[in-house]
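Here is a short briefing to read with the structure open beside it. Take the points in order and find each residue as it comes up.

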Amino acid sequence: MHPSRVIIHADFDYFYAQCEERENPTLKNKPVVVCIYSGRSGDSGAVTTANYIARKYGVKAGIPIIRAKRKLKDLDAAFLPANFELYERVSENIMSILRGYADKFEQMGIDEAFIDVTQRTEGEFEKAKQLAQKIQTEILEKERITASFGIGPNKLVAKIAAGRQKPYGLTMVKPEEVESFLVPLPVDELIGVGKKTATVMEELGIKTIGDLARFDLGKLVKRFGKLLGVYFHNSALGIDESSVQERGMAESISRILTLKEDTKDFGKILDEAYKICIDMHARAKALNLNFKSVSVYAVLQDMSAHSRSKTFETPTDDIEVLKETTKELFQRLLNEILEELKARRIGVKIANFTTEKQTQKQITEYVNKT
Ligand code: DCP
Ligand code: CA
Ligand code: CA
């Protein structure tokens, strides 16, 4: 038999709302609801997520803001507009911590990731548990965010495990425990079984993953087709061979921010742009990336968006080059467009990455050719 893989899944707890609590601790003891206001009227829009206090009153992702307000009426609840810049920054920082402990790393959306730790734990689940605790603590200490972890012999089991104890939970399912772990759970815990599929399954008498595992495969295939039928059957048995997929290099790193007040003052814009540069540069350094192009953006008061970019001959990781280029590009952009309108939002992007090794290679090749 193959020795088992050891996979960890991390999912950050009530993520957007927790980021808001981190920035403003006075929110901690009250219901917090993060909203996307559609802008049509005061309260139109939807809830993206809520902290656990608000969830006790039935507030959850996807419901209209107006409904959430009704549920939290008379309570001292905070309704906040989503601040994606913040969530992305926090997410990137936590992801780099996770990446540092992975044989293989795969990010799934803004608040979760799989890490394969088979090699570094020598396939031992107890070691993986210690490692997971260490990572959880590091994330809490460095980023002041709690994340829940699941450990399992594959992605399927690790992901379900991560959702079992929240917040700040750690659930380990060893290979020999997979069956007893899955059997009692509702089918909609399986990836790919949403509300609709769950309803169809219930009509077939399938409520738990155990029911699904026992259900006749032929009948399942008849109802859902071969591909899905077999997939559901295997999932219910805890079978998942899919590997943790390292994605290629990021294509770009960018930051956009809303200015404190609309302005056409070059100095003020540059101050903010430099902050972005420093932040992005640290990010590129952490990922060991050199960049070959820089772009700057401005969104004006009429919401029109404008950009300018520049590509270098050779990749660089020099902060001064980044700042100089940003300055030059903003100067050009502002001269050309800022006649009447002020800027509302600005951004900087670096792209066309190579890793340091590749850069070395390109440089040597160049030297050899000449
Ligand atoms: N999100 C969203 N709209 C949704 C669902 C989620 O904008 N319909 C956003 C807000 C969440 C983030 O994605 O904070 C992560 O989603 P999760 O499903 O992991 O939910 P949370 O992290 O908020 O809560 P939990 O503690 O249950 O993981
Ligand atoms: Ca989450
Ligand atoms: Ca998630």
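What follows covers the overall build, the ligand, the calcium ions and a few single residues.

This is a predicted model. The protein has 370 residues, and 44% of them count as buried. The chain forms 14 helices and 13 strands. Along the principal axes, its C-alpha atoms fill a box of roughly 70 × 65 × 40 Å.

**Around ligand 1**

- Start with the shell: 13 residues surround ligand 1.
- The closest of these are Y14, F15, T49, Y52 and R55.
- By class, the shell holds 6 nonpolar, 2 polar and 5 charged residues.
- The backbone reaches ligand 1 at Y14, where an N or O atom lies 2.6 Å from an oxygen atom of the ligand.
- At F15, a polar backbone atom is 3.0 Å from an oxygen atom of ligand 1.
- D11 uses its side chain instead: an N or O atom there is 3.1 Å from an oxygen atom of ligand 1.
- Taken alone, ligand 1 exposes 550 Å², and the protein buries 66% of that.

**The calcium ion (ligand 2)**

- Which residues hold this ion? Its protein donors are D11 (OD), F12 (O) and D111 (OD).
- These donors lie 2.1 to 2.3 Å from the calcium ion (ligand 2).
- The site has 6 donor atoms, with angles of 82 to 169° among them, and is octahedral.
- Along the chain, the donors follow the spacing D-F-x98-D.
- D11 is in strand β1, while D111 is in the loop between β5 (104–107) and β6 (112–116), so the pair ties together parts that are 100 residues apart in sequence.

**The calcium ion (ligand 3)**

- This ion is coordinated by D11 (OD), D111 (OD) and E112 (OE), at 2.2 to 2.5 Å.
- Its donors follow the spacing D-x99-D-E along the chain.
- How far apart are the calcium ion (ligand 3) and the calcium ion (ligand 2)? They are 3.6 Å apart, and D11 coordinates both.

- D111 has 16% relative accessibility, so D111 falls under the 20% limit for buried.
- E112 is buried too, because its relative accessible area is 14% and the limit is 20%.

**Backbone points to check**

- Which two residues does a cis peptide bond join? They are K166 and P167, with omega at about -5°.
- P167 sits in the loop between α6 and β8 (170–172).
- D74 is not a glycine, yet it has a positive phi of about 70°.
- Look for D74 in the loop between α3 (65–71) and β4 (78–81).
- D74 is exposed, because its relative accessible area is 74% and exposed means over 50%.
- E122 is not a glycine either, and its phi is positive at about 50°.
- Find E122 in the loop between β6 and α5 (125–143).
- E122 has 58% relative accessibility, so E122 counts as exposed.

- R255 lies in strand β9 (residues 252–263).
- R255 counts as buried because its relative accessibility is 13%.
- The side chains of R255 and D279 are joined by a polar contact of 2.7 Å.
- I160 is part of helix α6 (residues 155–162).
- With a relative accessible area of 3%, I160 is buried.
- I160 and I191 are 31 residues apart in sequence, and their C-alpha atoms are 8.4 Å apart in space.
- Y297 belongs to strand β10 (residues 289–300).
- Y297 is partly exposed, because its relative accessible area of 27% falls between the 20% and 50% limits.
- Y297 and M95 are 202 residues apart along the chain, and 26 Å separates their C-alpha atoms.

Note on methods:
Residues numbered from 1 in each chain as written. Chains lettered and ligands numbered in written order. Predicted model: local features only at pLDDT ≥ 70, side-chain atom pairs only at ≥ 80, totals over all residues. Heavy atoms only, no water. Near = heavy atom within 4 Å. Polar contact = N/O pair within 3.5 Å; in protein donor to acceptor, adjacent residues only side chain to side chain. Areas by Shrake-Rupley, 256 points an atom, 1.4 Å probe, with all protein chains shown as cover. Nonpolar A, V, L, I, M, F, W, Y, C, P; charged D, E, K, R; others polar. Donors = N, O, S within 2.8 Å, 3.2 Å for Na, K, Ca; no water. Tetrahedral: all angles 85-135°; square planar, octahedral: opposite > 155°, others 65-115°. Helix = DSSP H or I, 4+ residues; strand = E, 2+ residues; numbered from the N terminus. Buried < 20%, exposed > 50% of the residue type's maximum accessible area, 1.4 Å probe, protein only.
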